[in-house]
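Here's a quick briefing to get you oriented. Have a look at the model first, then read on.

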Amino acid sequence: MKHLLLLSFLFISLLLKAQDSGSIINKLQVGESGCSVYLPATEVNWEKSTSEDGSEVYTGEISKDNFNYFVIAVKFLEPFTGVASKELEDLLISYIDYLKGQFEISEAAGYGKGHPVDGYDISAGVIDFWESEDGTQWSVKGQITPTHIGLIGVYGMTDPSENSLTNLVLNGFVFPAGN
């Protein structure tokens, strides 16, 4: 509980700092996924599609100050039951590996594991840093629960980790209340 309280205070202080620097972070609903996300935007044009297994997929992207911020949210057609966090982590990594090919990623730092979703007993999350064939640099974080995947990232021609909003955005994906 202490960690959750500390993280909440840290997140609020970072939000206030971002607002003081002229950047405004807003909590936005991700389509009809039940998820929300904190982004430096007042609205996002969410595109909805359906995966091969019938799951809802929401994607959105905005640009601000030479960086692009993207969000992918998947609401599974059927929740995963009887699975362990490790199995969810493996599924998340296979999904992100697929996206690496789609984004033409040529280099990756490697998955940093251990980013579970607050409020969920069974969940997993990873973070990674990429470079694509054209030199674009990426910071990406994915998380998964039995009902959803949330993937959020920041990319640009300079290192996103030097962008004051990157950590706020990467840690700003909110899943529906669960456990």
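What follows covers confidence first, then salt bridges.

This is a predicted model, where local features need pLDDT of at least 70, side-chain atom pairs count only at pLDDT 80 or more, and totals for chains, interfaces and linings use all residues. Residues are numbered from 1 along each chain as its sequence is written, and side-chain values use heavy atoms, with hydrogens and water left out.

**Confidence**
- The protein's mean pLDDT (the predictor's confidence in each residue, from 0 to 100) is 88, and 87% of its residues reach 70 or more.
- Over residues 1-22 the pLDDT is below 50.

**Salt bridges**
- There are six salt bridges, each a side-chain nitrogen of Lys or Arg within 4 Å of a carboxyl oxygen of Asp or Glu.
- Glu89 pairs with Lys113 in a salt bridge, with the closest N and O atoms 3.8 Å apart.
- Glu89 sits in helix α2 (residues 85-102) and Lys113 in strand β7 (residues 112-113), so the pair ties together parts 24 residues apart in sequence.
- Lys86, Glu89, Asp90 and Lys113 are linked in a network of salt bridges.
- Asp128 forms a salt bridge with Lys100, at 3.7 Å between the closest N and O atoms.

Methods. Contact = heavy atoms within 4.5 Å. Helix = DSSP H or I, 4+ residues; strand = E, 2+ residues; numbered from the N terminus.
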